[in-house]
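Please walk me through this model in the viewer, one selection after another, and tell me what is to be found at each stop.

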Amino acid sequence: MLLFMDFLYSWHNNRNMEISVGTGIDRVVILIYFLLVMGFGAYFGKYSKTTSDYFFGGRRFSWWLITISIVATGIGSHSFVKYSTKAYQYGFSSTMTYLNDWFFMPLFMFGWLPIIYYTKVRSIPEYFEKRFNKTARYLATSMTLLYMIGYIAIQLLTLATALYRIYNIPLMLTVIIIAVATTIYMHYGGQTSVIFTDLFQGLILIFAGGLLFVLGLNFIGGGEFIIGMKSFWNFLTPDQKLPLAHFNHPPNFNFVGIFWQDGVAGSIGFLFLNQGLIMRFMAAKSVNEGRKAAAFNVLLILPISAIVVSNAGWIGRAIANGMPGILPPNLQPNDVFVAVTNIVASPGVFGFIIAALCAALMSTADTLVNASSAIVVNDIYGPLSKGKQSEKKQLEIARYSSIIIKVIAIALVPFFNSFESIYEAHGWFHSTFTPPLVVAVFLGIFWKRFTTPAVIATFTIGAFLMILGQFNHELVAPFSHGIELRPGKGYSYIGALYNIFVCASVGIIVSLLTKPPKEEDIKGLTVFDVDNLKAKFKGSEINEAKGKKVIVKWNIDNQIENNCIRFSKHDMRKMNANPGDLVYLCDNRSWLGGLKSIHAVYGEPHEIDGVVMITDYQQQSGLFNNSNKLFAEKEM
Amino acid sequence: MLLDFNRIWAPYIYLYAVGGIAFLIGMYLIIKTRSLNLKKDHHKKWLVVLIAGFIYYASIHGFFILVAQQ
């Protein structure tokens, strides 16, 4: 509390020294944007009827919808400020962290994704209980929640840092206003609202980032875009054009440290442990759609995102190198995003680009808050109530826990503000919180011999050794790759390698010293059983015979039971389906991305071709209406 | 400013050597466990995507390192 008060006081004292930017038009544009997103999110709240809808959007969305909504999740507000800062200082190597995720894609797409999808776990800690035991679940729950709430705090801090200059509202008040705004649409809509607001905001983000780059190049070229491009390239030094940083220098931005902190711990953490991202993939209509979304995201969207978040810094660097006197000589790198945007964009456009920064925050924060409340419901409330509470009660708990999570995140903001830069705060955060979880989940999935005592030792002894390393830098030194030790600060990013090493060593040694788990206890929970997971998911033998899609109208038949739907014999033959197989039924308008759809089971066939018989409940869940046809396809 | 090996090529080699080992282990595991089942046509396509993705990133980084020095 004292830290919090001290922060408020120091902020208040410094406030008058800050330069406020933006015009009245900009403020109005930002305000309209906030209202638009809140309305958009609240509208899609009507699609959340059950906890499955609230957290997983009913597992029904197409890959493209998931992909674009992931853009907005991956680009946080911290991304704009953090990467622009490094882009201004070091040039194109600011993109490193966006372009090093492919190495773990095979394991994610064909290892982890089918496991979480087909075992129907609702949260990562739940996987830990299935694979190990309850203690492992509780430990994973606390670490995952810490990780996500801290992440939310960083998001709030970053956006507030930019916004308080524009509105001249106290920083902490700005934090609270943003938190309230995102809570409003999240509170009612859950995952479906999150996906659709993120879809909207993802498009806005890409457009605004691209627009800023074009405006910047135009500015450098004195109104001529092509000249601007040439000058931009010429103004940057060869060092600033290199896509990777210096191997081990300087200590606060070097390749090898960032590789271990972000490329390894961060990538695995983001792909395997970020409950928000995992829930997004679980909202896909099938594992294959999830794979498509993941591949498309890493191959195309991440490189675009790297440009979107860094270009203000590159433009700033080019202006500073080649057009002296435009940017203040004492410009702080952290301020470059707002400073460059203010210079190159006209009133209104500046507001729009800052609104995109809001989009980045709101979409990352909403995903994380939704994910955190899923963990509270599934991993704290669920085990305490022994699963006896109604769906309504669970939804209520989810909604209120999202408010509590935001309150805790707001309280953590002053702590993260005490770091030298947001980049460092984020780096410390990744290298400290992810390694035990990364090692535990990785060995759990890919090593059958990994035991329950070993996972608990990884969380406890591993964490202890990590803390030891924080205070005894000589322990980290053998892993330093020649990175200079900063007096009083230690090794920042490369600490991730030490942390991964000690956690993995503890996990492996304890596993080898303890009794291996029984084969039947871990069936379907490691990569070695992925081939059989589909059958387990379906509950019977899978039918992989190729079939065609059919277009049908729907009729109500409330006599049908067990989530079955009925087609004609002819339509069943066309789909190559048998009673008991799984079917996906969706509104035929593909641009809806699966919003109006359901999963069901084939029932016994009837005689009327081109008609599917469904229940009232299925019609309401899928939000099907009479005027639109549906398509059906066999899943397995 | 003179750019040395540590500035230009060491990060690239380290990235694709260490990252490449992680990638190869991943590929080996998913093929060995038949999670990526090469008897299935659509899984063969995924194999191509996975390998092409690796080459794609190595090419992007390699290309920019080369043009940066022009």
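Helices (H or I, at least four residues) and strands (E, at least two) are DSSP runs, numbered from the N terminus. This is a predicted model, in which local features need pLDDT of at least 70 and side-chain atom pairs count only at pLDDT 80 or more, while totals for chains, interfaces and linings use all residues. Residues are numbered from 1 along each chain as its sequence is written, and chains are lettered from A and ligands numbered from 1 in the order in which they are written.

**A helix with a kink**

Select helix H14 of chain A, residues 287-322. Its 36 residues should span 52 Å at 1.5 Å a residue, and the end C-alpha atoms are 50 Å apart, which agrees. Then centre the view on A:Ser310, where H14(A) has a kink of about 50 degrees; the bend at a residue is the angle between axes fitted to the seven residues ending there and the seven starting there. H14(A) is mostly covered, with 26 of its 36 residues buried. A residue is buried if 20 or more other C-beta atoms lie within 10 Å of its own, exposed if 12 or fewer, and partly exposed in between, with C-beta atoms placed from the backbone.

**Chain A as a whole**

Two residues are in contact if their C-beta atoms, placed from the backbone, lie within 7 Å. Among contacts in chain A between residues at least 6 apart in sequence, 82% join residues at least 24 apart. A:Phe219 is buried, having 20 other C-beta atoms within 10 Å, and, leaving aside neighbours within four places in sequence, A:Phe219 is in contact with A:Ile343 and A:Val344.

**The nonpolar cores**

A nonpolar core is a set of buried Ala, Val, Leu, Ile, Met, Phe, Trp, Tyr and Cys residues joined through C-beta atoms within 7 Å. The largest has 196 residues, and among the members that touch the most others are A:Phe108, A:Leu205 and A:Ala356. Helix H16 (residues 349-385) of chain A supplies the largest share of this core, 20 residues. With A:Ala356 selected, look for A:Ile204, A:Leu205, A:Ala208 and A:Gly209, with which A:Ala356 is in contact once neighbours within four places in sequence are left aside. A second, separate core of 21 residues includes A:Val552, A:Leu582, A:Tyr602 and A:Leu630.

**The sheet**

Next, colour the strands of chain A, which form an open sheet of 6 strands in the order S2-S4-S3-S6-S1-S5, with mixed pairing; two strands pair if DSSP finds at least two bridges between them. The edges are strand S2 (564-565) and strand S5 (611-614) of chain A, each of which pairs on one side only. Strand S1 (residues 550-556) of chain A pairs with S5(A) in the parallel sense over 4 bridges, and here A:Lys553 stands opposite A:Val611, while A:Ile556 has A:Ile614 as its bridge partner. S1(A) also pairs with strand S6 (residues 630-634) of chain A, in the antiparallel sense over 3 bridges, and A:Val550 stands opposite A:Ala632 in S6(A).

**Backbone details in loops**

Most residues other than glycine have a negative phi, and most peptide bonds are trans. Which sense, cis or trans, has the peptide bond from A:His249 to A:Pro250? It is cis, with omega near -5 degrees, and A:Pro250 lies in the loop between helix H11 (238-241) and helix H12 (255-273) of chain A. In the loop between helix H20 (473-476) and helix H21 (495-513) of chain A is A:His481, whose phi is near 55 degrees, a positive value; with 18 C-beta neighbours inside 10 Å, A:His481 counts as partly exposed.

**Where the chains meet**

Finally, display both chains: 35 residues of chain B are in contact with 34 residues of chain A. Helix H1 (5-8), helix H2 (10-32) and helix H3 (41-68) of chain B each supply at least two residues of the side that touches chain A.

Notes:
Expected span 1.5 Å × (residues − 1).
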